[in-house]
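Let's take a walk through a protein model together, one stop at a time. Have the viewer open and turn the model as you read.

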Amino acid sequence: MLDLRQLEALRAVHAEGSVTAAARRLAWGQPTVDYHLKNLERLVGSPVLIRSSRGSRLTPVGTLLLERAQEILTLGERAIRDARELTSMGRVRLRFGTFPTAGAKILPSVVPRVDDLGIEVDAMLEEVPTLVDRINRGGLDAALVYTVPGYELPFRTHVATREVHRDPLLLALPAGHPLATPRPIDVPTLLTLWQERWLFAAAGNDPMDTIVIDAFAARGHTLDVAIRTDDFQVMLGMIAARLAVGLLPSLAVGGSHPGIVLRPIEDPSFVRSVLVATSAEGSTRGPSTAVRQLVLAIRDAFSTLPSA
């Protein structure tokens with residue numbers, strides 16, 4: 001089994017150029033450094049060092065191991081640091097913003113998990129433009145937002161994002177519509193709906209709406225936006241009443257909806273990319289241990305959601 005001390009010895013020899021100097025760097029005896037290096041060579045079945053009177057250098061196998069060792073040792077050091085910080089931090093309150101559909105799905109599992117670690121979540125439900133503005137100004141410790149492929153949110157440089165979920169978009173049609181079948185729909189067929197009345201979000205810059213507008217604009221069509229609302233239950237009711245058609249995210253449409261047919265879209269760009277935004281690593285306000293634990297809980301909560 002791999003011993004982290006074997007990787008520490010390898011890293012020290014590479015940095016110092018000899019086993020003797022590596023021993024001084026690590027404050028180990030030279031026999032101890034040799035012992036761990038020989039065990040590493042036995043484990044991989046190949047020499048990791050080329051030794052000479054001028055010192056020691058890594059073999060190609062040793063170089064490969066060193067690349068992985070840097071990652072492993074960095075993660076190990078962070079794990080110890082995070083555990084120590086978590087032990088000493090006491091109760092911490094985090095300001096967390098999320099758009100409503102994601103909050104409804106993940107907060108029931110995220111909040112109890114981080115509460116056990118001494119982290120209190122002050123949750124705020126907002127739409128994406130407001131969340132972006134708040135985290136840019138430092139008003140939130142973390143935020144859950146979404147965009148679509150090819151559309152960047154206007155985050156400042158001190159904000160880092162990582163994708164935690166892909167949320168397929170579904171075409172919602174009233175039952176009885178000529179295209180209202182449960183089969184997936186391709187984009188050319190979707191674009192035949194340019195004369196329909198469409199339902200969009202209340203804000204005029206929602207990424208979900210932008211991808212639809214741009215797809216139709218590329219064919220020379222301007223859509224008739226009949227209804228604007230951010231309430232998905234209202235959206236479903238308006239579509240069932242045959243007042244409009246629209247795109248809905250799969251997170252928002254669990255269960256059956258009488259009077260509505262939902263069609264998956266056969267194009268990978270018709271998807272919401274759900275991102276968690278925090279301060280960037282290496283910035284003066286990089287994510288704290290508490291924020292990193294919150295991000296882990298969010299990621300795990302999404303991983304347990306049923307597939308669309």
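Predicted model: local features only at pLDDT ≥ 70, side-chain atom pairs only at ≥ 80, totals over all residues.

D3 sits in the segment before helix 1, which covers residues 4-16. Is D3 buried, exposed or something in between? With a relative accessible area of 21%, D3 is partly exposed, because the buried class takes in values under 20%. The side chain of D3 is joined to that of R5 by a polar contact of 2.8 Å. For a sense of distance, take L64: D3 and L64 are 61 residues apart in sequence, and their C-alpha atoms are 16 Å apart in space.

Now zoom out for a moment. The protein chain has 10 helices and 11 strands. Its C-alpha atoms fill a box of roughly 85 × 45 × 35 Å along the principal axes. As for what is tucked away, 44% of the 308 residues count as buried. And if you take the contacts with a separation of 6 or more, 71% of them are between residues 24 or more positions apart.

Have a look at the backbone here: the phi of A27 is near 60 degrees, a positive value in a residue other than glycine. A27 counts as exposed, because its relative accessibility is 68% and the exposed class means over 50%.

Next comes helix 3 itself, residues 30-44. Helix 3 has 15 residues and reaches 21 Å from its first C-alpha to its last, close to the 21 Å expected at 1.5 Å a residue. Which residues of helix 3 are buried? They are V33, D34, H36, L37, N39, L40 and E41. If you are wondering about spacing along a helix, here is a handy rule: an α-helix has 3.6 residues a turn, so residues three or four places apart point the same way.

Helix 3 is followed by G45, which has a positive phi near 75 degrees. S46 lies in the loop between helix 3 and strand 1 (49-52). S46 is partly exposed, with a relative accessible area of 22%. Setting aside neighbours within four places in sequence, S46 is in contact with E41 and V61.

D167 is buried, with a relative accessible area of 0%. What does the side chain of D167 join up with? A polar contact of 2.4 Å links it to the side chain of S250. Leaving out neighbours within four places in sequence, D167 is in contact with P249, S250, L251, V271, R272 and V274.

Further along, find R242 in the loop between helix 9 (232-240) and strand 9 (246-249). R242 has a positive phi of about 65 degrees, although it is not a glycine. At 56% relative accessibility, R242 counts as exposed.

To finish, go inside. The largest nonpolar core has 74 residues, and those with the most contacts inside it are L144, W198, F270, L294, I298 and F302. Helix 10 (residues 289-303) gives the most to this core, with 8 residues. There is also a second, separate core of 15 residues, and among its members are A9, L10, V13 and L49.

Definitions and conventions. Residues numbered from 1 in each chain as written. Heavy atoms only, no water. Helix = DSSP H or I, 4+ residues; strand = E, 2+ residues; numbered from the N terminus. Buried < 20%, exposed > 50% of the residue type's maximum accessible area, 1.4 Å probe, protein only. Contact = heavy atoms within 4.5 Å. Polar contact = N/O pair within 3.5 Å; in protein donor to acceptor, adjacent residues only side chain to side chain. Core = buried A, V, L, I, M, F, W, Y, C linked by side-chain atoms within 4.5 Å. Expected span 1.5 Å × (residues − 1).
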